[in-house]
Amino acid sequence: MNVEGHVYVNDNLRTLIYEEINAYKTNKSSTFLPAVVQIANVSTLPGIVKASIALPDVHAGYGFAIGNVAAFDMSNEKAVVSPGGVGFDINCGVRLLRTNLFYDDIKNKQEELAQLMFNHIPVGVGSQGVIICNQEYLDDALCSGMDWCVKEGYSWVEDKANCEDNGRSLYADSNCVSIRAKKRGITQMGTLGAGNHYAEIQIVDEIYDKKSAKLMGIEKKNQVCVMIHSGSRGLGHQIATDALIDMEKSMKKYKINVIDKQLACTPIHSKEGQNYLKAMGAACNFAWINRSSMTFLARQAFSKCFNQSPDDLDMHVIYDVSHNIAKIEDHIVNGKLKKLLVHRKGSTRAFPPFHPLIPLDYQYCGQPILIGGTMGTYSYVLTGTEKAMDVSIGSTCH
DNA sequence: ATGTCC
């Protein structure tokens with residue numbers, strides 16, 4: 001190990017991760033190594049600084065554990081970037097919209113509202129979108145992120161201000177995205193996907209910080225919000241797949257040995273590393289466009305249900321934050337300001353998600369301020385695997 | 001997570 005592994009868990013979670021290790025000892029045919037072993041393996045990668053960090057949602061994933069945060073020193077020419085540290089669903093993230101409605105306003109219209117959401121937002125594996133997009137449009141979109149959405153009239157200008165990186169990756173270059181990835185993405189703009197992805201109508205259950213809540217337009221309990229959890233669909237998946245194949249080759253070229261084949265990586269400053277970051281940036285832009293497109297569709301659904309404009313319903317974006325991304329950031333490491341490539345895979349992050357003066361170990365912990373410990377109380381859930389009318393009570397965690 | 005294998 002080049003650095004320590006830091007694991008943030010409570011007693012219950014610690015029991016779970018020990019159980020995972022014991023289960024692996026009796027059955028080693030599992031696709032993934034136990035999460036704690038993955039945390040340790042990541043600590044052996046070239047150029048890692050400070051620690052391989054596991055946040056409370058830690059569980060086994062491809063190469064890196066989900067919940068793993070790992071930062072690499074940009075001034076170290078051997079420091080690496082690894083697609084496994086970002087994940088297959090590049091820039092998967094959550095977005096919260098507010099409304100000026102309260103539970104009493106929707107309690108007799110819940111089925112109608114859920115059905116309207118379901119009718120507007122395509123869901124499921126292989127689902128295709130209604131947002132008009134051709135090849136030329138797609139290249140522009142992949143380079144421009146939410147600026148493209150504003151230009152096309154899908155986003156409000158102010159949406160960008162409440163979105164991580166203003167909804168636009170500086171690394172994006174559509175020339176680094178394969179034809180195949182573009183082909184998969186071109187029909188999927190404004191689609192939810194499957195698995196743990198959802199578009200959910202939520203009721204504010206408790207306000208923990210009145211001042212912050214007021215700033216975000218949340219005034220009192222029972223206010224109606226919409227949360228959208230989705231990512232870069234087939235486009236991001238293909239970019240990750242392409243990069244893993246490319247890096248398997250580049251590891252021979254740069255003579256990099258890794259402890260686990262799933263930790264395929266390449267020097268950040270290599271041609272292959274730069275190509276991945278540019279393609280990853282394009283996938284990030286696609287995911288922001290995707291969530292923005294579904295914001296557009298959710299606004300339409302609400303507008304139809306209540307016969308008011310989305311503006312009259314005050315349907316602003318409160319925040320949009322990624323949990324599958326690698327970014328170049330300035331951080332203080334052992335008292336010195338350093339430029340780092342930070343891999344974040346999984347983990348709900350605090351809002352605002354990043355501040356250079358907050359130690360690396362702490363700034364990724366915590367839930368969004370408004371939501372507290374759970375992410376939905378009386379919510380209608382729309383996912384690719386659930387029916388439109390399923391009601392989720394309690395926490396919907398990702 | 002994913003046209004759940006090109």
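The model is predicted, so local features are given only at pLDDT of at least 70 and side-chain atom pairs only at pLDDT 80 or more, while totals for chains, interfaces and linings use all residues. Residues are numbered from 1 along each chain as its sequence is written, chains are lettered from A and ligands numbered from 1 in the order in which they are written, and side-chain values use heavy atoms, with hydrogens and water left out.

**The whole chain**

Begin by selecting chain A and colouring it by secondary structure, which comes to 11 helices and 13 strands; helices (H or I, at least four residues) and strands (E, at least two) are DSSP runs, numbered from the N terminus. Chain A has 398 residues, of which 55% count as buried, where buried means under 20% relative accessible area, exposed means over 50%, and partly exposed lies in between, with a 1.4 Å probe and protein chains only. Among the contacts in chain A between residues at least 6 apart in sequence, 73% join residues at least 24 apart.

Next select Asp-73, which has its place in strand E3, residues 66-73. Is Asp-73 buried or exposed? Asp-73 counts as buried because its relative accessibility is 10%. Its side chain makes a polar contact of 2.7 Å with the side chain of Ser-75; a polar contact is a pair of N or O atoms within 3.5 Å, and within protein one must be able to donate a hydrogen and the other to accept it, while residues adjacent in sequence count only if both atoms are side-chain atoms. If neighbours within four places in sequence are left aside, the residues in contact with Asp-73 are Gly-47, Val-49, Ala-79, Lys-338, Lys-339 and Leu-340.

From there, move to Gly-5 in strand E1, residues 4-7, which counts as partly exposed because its relative accessibility is 34%. Not counting residues up to four places away in sequence, Gly-5 touches Ile-39 and Ser-52. Show Gly-47 as well: Gly-5 and Gly-47 are 42 residues apart in sequence, and their C-alpha atoms are 15 Å apart in space.

**DNA strand B**

Of the atoms of DNA strand B within 4 Å of the protein, 59% belong to sugar or phosphate, and the rest belong to bases.

Which protein atoms lie 2.9 Å or 2.6 Å from a phosphate oxygen of DNA strand B?

- For Ala-194, a polar backbone atom is 2.9 Å from a phosphate oxygen.
- For Arg-233, an N or O atom of the side chain is 2.6 Å from a phosphate oxygen.

Helix H8 (179-185) and helix H10 (233-253) are the elements that give two or more residues to the surface near DNA strand B, and H10 gives the most, with 3 residues. The residues of this surface divide into 3 nonpolar, 7 polar and 4 charged; Ala, Val, Leu, Ile, Met, Phe, Trp, Tyr, Cys and Pro count as nonpolar, Asp, Glu, Lys and Arg as charged, and the others, Gly among them, as polar.

**His-197 and Asp-89**

Select His-197 in the loop between H8 and strand E6 (198-203). His-197 counts as buried because its relative accessibility is 7%, and a polar contact of 3.1 Å joins its side chain to that of Asp-89.

**Two loop residues**

Finally, select Lys-255, in the loop between H10 and strand E8 (266-267), where phi is near 55 degrees, a positive value in a residue other than glycine. Lys-255 is exposed because its relative accessible area is 72%. Asp-314, in the loop between helix H11 (271-306) and strand E9 (317-322), also has a positive phi of about 55 degrees although it is not a glycine, and with a relative accessibility of 22% Asp-314 counts as partly exposed.

How values were computed
Contact means heavy atoms within 4.5 Å. A residue is near a molecule or strand if one of its heavy atoms lies within 4 Å of it.
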